[in-house]
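Visitor: Could we go through the aromatic side chains together? Please start with the terms.

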Amino acid sequence: MDPNYIPFHPNPSRPHFRAPPGTVDAHCHVFGPAERFPYAPGRKYTPSDAPKEKLFALRDFLGLSRNVIVQATCHGNDNRALVDALQASNGLARGIASVSPDIGDAELDALHEAGVRGVRFNFVKRLVDATPPEVFLGTARRIARLGWHSVVYFEAADLAGLLPFLAELPTLIVVDHMGRPDPAKGVDHADFRRFLDLMERNDRVWSKVTCPERFSLTGPPGYDDVVPFGRCLVERFPDRVLWGTDWPHPNMTTHAPDDGGLVDFIPRIAPTAALQQALLVDNPMRLYWS
Ligand code: 0GY
């Protein structure tokens, strides 16, 4: 573990909000354990281990039912920890992998068999060395035959430059963490409007309304300044949003988020039972389990 790395919360609170039956945590990770699944040599950070048993115990403690486990950059393109978690989940987890552009079809088929339903294309500079968009496009064309989607992670300021890439992607697109808006700029700023416009124009773009803890300036427990962004997306695109914990919250610099508090954030961005059902159950089930 890096010296300044903040491990996940050791003792999260039990949420007040009761998630509807079948709720999917559609963005979380497993890390290691390193002795069995070593971290990638070229990684940008070394986390504390966050093994599948802890993830599944948290799922149950928070009153959630299923997980979508996203391959994180600290494991590079080595998806063994992810596949191990999927195989141990009794069908209650699906996965998003990271793959090299020259991965074989048989390997992709094996990932599908294990429960993988998409790949992640990461443009966040502090996490990865840059990959040319054409390389990601080549991979996206390869996965389209499996009915998989592309998960794309970028910073809000980089969206304008990525629009041509997004327009060319042949798959459905899921954008991580609301496109990482800056709460100081507000929902009416051009950066967030650009993201809303993208979702308005292209109904194959979905958004995760995740990670208030990453970009909130007002901070815990409420992450109040992120509420307007999440609520705006949930109300405008109720059938194209996903929620998740982002456990074990890699690279937090200020605090270890209380996962119970993150569950209590849900009704503030999805205030009605109908919006909650779509966000937490119907949307992820349609995308990952149908
Ligand atoms: C997240 C966000 C982060 C890290 C990763 O793959 C990763 O390493 O996704 C981050 O540092 O913003 O989704 O967990």
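Guide: Buried means under 20% relative accessible area, exposed over 50% and partly exposed in between, with a 1.4 Å probe and protein chains only. The model is predicted, so local features need pLDDT of at least 70 and side-chain atom pairs count only at pLDDT 80 or more, while totals for chains, interfaces and linings use all residues. Residues are numbered from 1 along each chain as its sequence is written, and side-chain values use heavy atoms, with hydrogens and water left out.

Visitor: Okay, how many aromatic pairs does the structure hold?

Guide: There are 10 aromatic pairs, where rings of Phe, Tyr and Trp (its six-membered ring) pair if their centres lie within 6.5 Å, and planes under 30 degrees apart count as stacked, over 60 as edge-to-face and the rest as tilted. One of them joins Phe121 and Phe165, which is edge-to-face because the planes are at 75 degrees, with the centres 6.3 Å apart.

Visitor: Where in the chain do Phe121 and Phe165 lie?

Guide: Phe121 is in strand β4 (residues 116-122) and Phe165 in helix α5 (residues 159-168), so the pair links distant parts of the chain, 44 residues apart; helices (H or I, at least four residues) and strands (E, at least two) are DSSP runs numbered from the N terminus.

Visitor: Is Phe192 buried or exposed?

Guide: Phe192 is buried, its relative accessible area being 3%, and Phe195 is buried too, at 2%. Both lie in helix α6 (residues 190-201), three residues apart, about one turn of the helix.

Visitor: Which residues form the aromatic cluster?

Guide: One cluster is formed by Phe121, Phe123, Phe136 and Phe165.
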